[in-house]
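Student: I would like to learn how to read a few features from a structure. Can we take them one at a time?

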Amino acid sequence: MSKIRAAITGVQGYVPEYVLTNQELEKMIDTNDEWITTRTGIKERRILKGEGLGTSYMAEKAILGLLEKTDTKAEEIDLIIVATITPDFPYPATATVVADMVGAKKAFAYDINAACSGFLYALTTGSQFIETGKYKKVVVVGADKMSSIVNYEDRTTCILFGDGASAVMLEPNAEGYGVIDSVLESDGSGQPYLFQKAGGSRYPSTIDTVTNKEHSLHQEGSTVFKFAVTNMANVAANIMERNDLKGEDVAWLVPHQANKRIIDATARRMEVSEDKVMLNIQKYGNTTAATIPLCLWDYEKQLKKGDNLVLAAFGAGFTWGATYVKWAYDPK
Ligand code: UT7
């Protein structure tokens, strides 16, 4: 019998209704649509409004939609992994909260924190539980409410991020479809360039940490940009090489949506043409762990069984990685 792989058998996203446009940001901070569009490719992003609504709210919507689409009962789910850097609470894990919300009574659940690479880390981890043969239905979610940690007075970061969630179902496949290979890497010396200073064990919350806005995302953009461009392109090229894939063999590049210029550089390195690159940064901005599964959701109807997908990401940590997926179904 051929190897059991973890096939993606469905995908469902959720984005909040509120649209924060570049024009609205122009009224809040010293910026302009032209700068944001040419430097990043972003036109608008979604923001989750409503008291008491956190990342779990969006993850719940995505999972409930996924269950309906894949005709799955919540009690059938074995495991839920939520990739996020904006959990509802420091603990318990958002995954356990969401498992309860959707009625996944049998599932065990945990979060993964690998920032913008979180979905790839979670997808790779979740796949192992399927490949061993032990579990049959694993739900992997990328979800972030970035608006909860963005300082809307900092023009260098607040224009970049948005809120969203998207979930995939993983099931066993013995016909060669599913997650074929992953390369995941990290380098913790990147910590000072992209992080949230306060609220953890090193700098617990005080009045001063709040006043000094140390609970917000801090990014040294141009430094992160240099690392992102190099590492995302390298890791994508690496996974292609070790799986004998040429540019023309790749049906879709599914890149993390942080900056259109980083995406273009990765595509050029892979020799993948622009029409094969999934792009939705213009409407959602950077939703951190949710960008890649939101792309899969947006492009689902264009995906065909047997398509070779290369997923690639770079994020805080630094973390980065690439995953090679053979798509398992035709449009329904
Ligand atoms: O997803 C996780 C990983 N994150 C990333 O991959 C993000 C990587 N970094 C980037 O995408 C880019 O560095 C940014 C989009 C964040 C910034 O673009 P940049 O081309 O690196 O710009 P910069 O930071 O070098 O700033 C250039 C200029 C500066 O002015 P001066 O010093 O040249 O006068 C900034 O003050 O642009 C100015 N600037 C702005 N101007 C208008 C910075 N933010 C803005 C703004 N509107 N929002």
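Predicted model: local features only at pLDDT ≥ 70, side-chain atom pairs only at ≥ 80, totals over all residues.

Student: Is Asp244 buried or exposed?

Tutor: Exposed means over 50% relative accessible area. Asp244 has a relative accessible area of 63%, so Asp244 is exposed.

Student: What is the phi of Asp244 near?

Tutor: Most residues other than glycine have a negative phi. The phi of Asp244 is near 60°, a positive value in a residue other than glycine.

Student: Where else does a positive phi turn up, and what surrounds it?

Tutor: Lys213 is another case: its phi is near 60°, again positive in a residue that is not glycine. Lys213 belongs to the loop between α6 (207-211) and β10 (217-219). Its relative accessibility is 40%, so Lys213 counts as partly exposed.

Student: Which residues does Glu153 touch, not counting residues up to four places away in sequence?

Tutor: Glu153 touches Ile29 and Lys213 on that count. Glu153 lies in the loop between β6 (138-145) and β7 (163-173), and with 61% relative accessibility it counts as exposed. As for Ile29, 124 residues separate it from Glu153 in sequence, while the C-alpha to C-alpha distance is 6.5 Å.

Student: Back to Asp244. Which residues gather with Asp244 in a patch of negative charge on the surface?

Tutor: The residues of a patch carry no salt bridge, and like charges are joined within 9 Å. Here, Glu248, Asp249 and Glu271 gather with Asp244 in a surface patch of negative charge. Glu248 is found in the loop between α7 (221-242) and β11 (252-255), and at 64% relative accessibility Glu248 counts as exposed.

Student: How many salt bridges does the structure hold?

Tutor: The criterion is a side-chain nitrogen of Lys or Arg within 4 Å of a carboxyl oxygen of Asp or Glu. The structure holds nine salt bridges. One of them joins Glu131 and Lys3, with the closest N and O atoms 3.5 Å apart. Glu131 lies in helix α5 (residues 118-131) and Lys3 in the segment before β1 (5-14), so this pair ties together parts that are 128 residues apart in sequence. Glu131 counts as partly exposed at 24% relative accessibility, and Lys3 counts as partly exposed at 46%.

Student: What does Glu300 form with Lys69?

Tutor: Glu300 and Lys69 form a salt bridge, and their closest N and O atoms are 2.7 Å apart. This pair links distant parts of the chain, 231 residues apart: Glu300 is in the loop between α10 (291-299) and β12 (308-315), and Lys69 is in helix α3 (residues 55-69).

Student: By about how many helical turns are Asp264 and Lys260 separated?

Tutor: About one, because Asp264 and Lys260 are four residues apart in helix α8 (residues 260-270). Their side chains meet in a salt bridge, at 3.1 Å from N to O. Asp264 is partly exposed, with a relative accessible area of 25%, and Lys260 counts as partly exposed at 23% relative accessibility.

Student: Which residues does a cis peptide bond join?

Tutor: Pro92 is in the loop between β4 (79-83) and α4. A cis peptide bond also joins Gly317 and Phe318, again with omega about 0°. Phe318 is placed in the loop between β12 and β13 (319-326).

Student: Where is Thr94 found, and is Thr94 buried or exposed?

Tutor: Buried means under 20% relative accessible area. Thr94 is found in helix α4 (residues 94-102), and its relative accessibility is 0%, so Thr94 counts as buried. Leaving aside neighbours within four places in sequence, the residues in contact with Thr94 are Thr55, Ser56, Val82, Thr84, Pro87, Asp88 and Asp111.

Note on methods:
Residues numbered from 1 in each chain as written. Heavy atoms only, no water. Patch = residues over 30% accessible without salt bridge, like charges linked within 9 Å, V, L, I, M, F, W, Y side chains within 5 Å. Areas by Shrake-Rupley, 256 points an atom, 1.4 Å probe, with all protein chains shown as cover. Lys, Arg positive; Asp, Glu negative; His and termini not counted. Charge placed at Lys NZ, Arg CZ, Asp CG, Glu CD. Helix = DSSP H or I, 4+ residues; strand = E, 2+ residues; numbered from the N terminus. Buried < 20%, exposed > 50% of the residue type's maximum accessible area, 1.4 Å probe, protein only. Contact = heavy atoms within 4.5 Å.
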